[in-house]
Amino acid sequence: MQIQKLSKQYDGKTVVDGVSFSIPKGKVISLIGPNGAGKSTVMGMISRLIAQDSGLIHFEGKEMGKWKSRELSKRLAILTQSNHIQMKLTVRELVTFGRFPYSGNRLTREDQEIIDRAIRYMELETFEDRFLDELSGGQRQRALIAMVIAQDTEYVLLDEPTNNLDIYHATNMMKTVRRLCDELGKTVILVLHEINYAAFYSDYICAFKDGKIAKFGTVEEVITKENLSEIYQVDFEILNIAGKPLSIYY
Amino acid sequence: MKSVRSTLVLLAVLGVLSVWSLFVGAIDMTPSQLLAGDLHRWEIFLASRLPRLLAILCTGVGMSVAGLMMQQLCSNKFVSPTTGATISSAQFGILLALLFLPNSTLWSRALFAFGAAILGTWVFVWFIQRIRFQDAVMVPLVGVMFGNVIGGVTSYLAYQYEMTQALSTWLVGHFSLVLKGRYEIVWLTVPLVVLAFLFANHFNIVGLGRDFSKNLGVPYNVVLFLGLTIAAMITASVVVVVGSISYIGLIVPNIVTMYKGDKIRGTLVDTALFGAIFVLGCDMIGRAVIHPYELPIELIVGVLGSLIFVGLLFYRLKYGRKSIRLGRAPETGCAAPVAAVEGGEG
């Protein structure tokens, strides 16, 4: 996926300003940055939820806008924060929606197997007939990931997947992200607030500031004292823990 | 299977009530008289009793399914043909037909009602999408107000052109004028409900939000307005024949959702059957209370419906959206309180 000179304005204010980068396949890429830096908007544009004002997104050899929505939904899945589901659906019913781009209303036996596998992969077997509103936030998030797995896309986009989760569930969510990439070979793009999660679990980091890319590169290239202090305007210390540059800020 | 059991129970209850209702009315009629070949009674049976039953079934099925669809599409449990201005728009359409085409047939009135109902519902939903209310209760309140404005214009015009008398038939729902040859429009609800069932998953996905639909490649606006159109047409075809019947579209889907969940494919049949039973039951009460005369169904539905609605509100206040589990003891455990906390932005 290649992004060229992406721009977006809201009410005359430029939120994303000429962003260009290309997303390496089969890796975990985290978008970080302060509030209002434009990372979520960039995410929205590369997932076709938000239309860009200018710029191009090349996806699998075609311009994003030229893709048929249904074809795209077999290759790229997006979970946004707005997915707090108020509906009384069971876990299995939700996961089944992941097969909708393929089979519509008529599920094949293969679809059922994929759904079973996705539920097992996220260890939701015991909850599969429970309603989502009876589950905890972490379980519901896992159900949504299971739906994305059933959707069987090469690209998975997650907008702040750890939001509203406690440390235990958030860490498990990040481990799942890693597994999606390592075991299932997916390209995962995340918007994250927690720098350390980004540093520990991603391969590449794209740091945003004021609608522009401040730094893009491997974790080691981006997570440095100078870079982070510059981007976030607070003092940082970098510690090397388990071979990863983790940061402390105060 | 558990999920089928409730459907079978509802089907059985509806079957018994339907047969029973055929032999309730001003003129005594028993199955044995029909079997004995009493031609006069057969005539009443075919011209009045049977059409009435069919109209009641279509009304119950139609209004509750229309309510279900509107609630799902707007993802708001308080939206319905009554609280979404659909019924009052349909009545406005009928008035326009009476004004501009005084000799209009039932069918041309129906066309006016269809057009007005669809337009009114679209405007309402377009409006609530633009405003984006924080509080879910605001949506039906706005709907009720919007409906009352349309109703007010309707009343004013009817008064101006001395149509109040003619219009009253459609303002208060009743089945006493349902006779062979002048109720068949209500059959339109059947193909429309089938259509709703076929597209049930589309409507479900749209109910889960714009981003959710886009992710799955479902065109949000197209499906939303198509669904609303179907719901409005169902409502209008009932209003043209029977008149306004409130509450059913509001309470029936809510009750069924409590035990069956929100997956439309799973709840639609139960909702339809429940709605039919509810209307049929109310109609039979209306016919029994001051026998041999009858009370308009709208009165009975209004009294029962408002009581049930208040009951539902109290239940929601006490238990939140907790479901009723049929056949099994309620499982409690790790069900954490569900608080929709708005996240930060990026």
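I began with chain B, which reads α-α-α-α-α-α-α-α-α-α-α-α-α-α along its sequence. My tally there is 14 helices and zero strands; helices (H or I, at least four residues) and strands (E, at least two) are DSSP runs, numbered from the N terminus.

A note on the source: this is a predicted model, where local features need pLDDT of at least 70, side-chain atom pairs count only at pLDDT 80 or more, and totals for chains, interfaces and linings use all residues. Residues are numbered from 1 along each chain as its sequence is written, while chains are lettered from A and ligands numbered from 1 in the order in which they are written.

Next I looked up the dimensions of chain B. The C-alpha trace spans about 75 × 55 × 35 Å along its principal axes.

Then burial: 45% of the 346 residues of chain B count as buried (20 or more other C-beta atoms within 10 Å of the residue's own, with C-beta atoms placed from the backbone).

I stopped at helix α9 of chain B, residues 200-207: seven of its eight residues are buried, so the helix is largely enclosed by the rest of the structure. Among them I noted B:Phe203, B:Ile205 and B:Val206. Just after α9(B), B:Gly209 has a positive phi of about 120 degrees.

Last, chain A: strand β6 (residues 76-79) is covered on both faces, with A:Leu76 and A:Ile78 buried on one side and A:Ala77 and A:Leu79 on the other.

Technical notes: A residue is buried if 20 or more other C-beta atoms lie within 10 Å of its own, exposed if 12 or fewer, and partly exposed in between; C-beta atoms are placed from the backbone.
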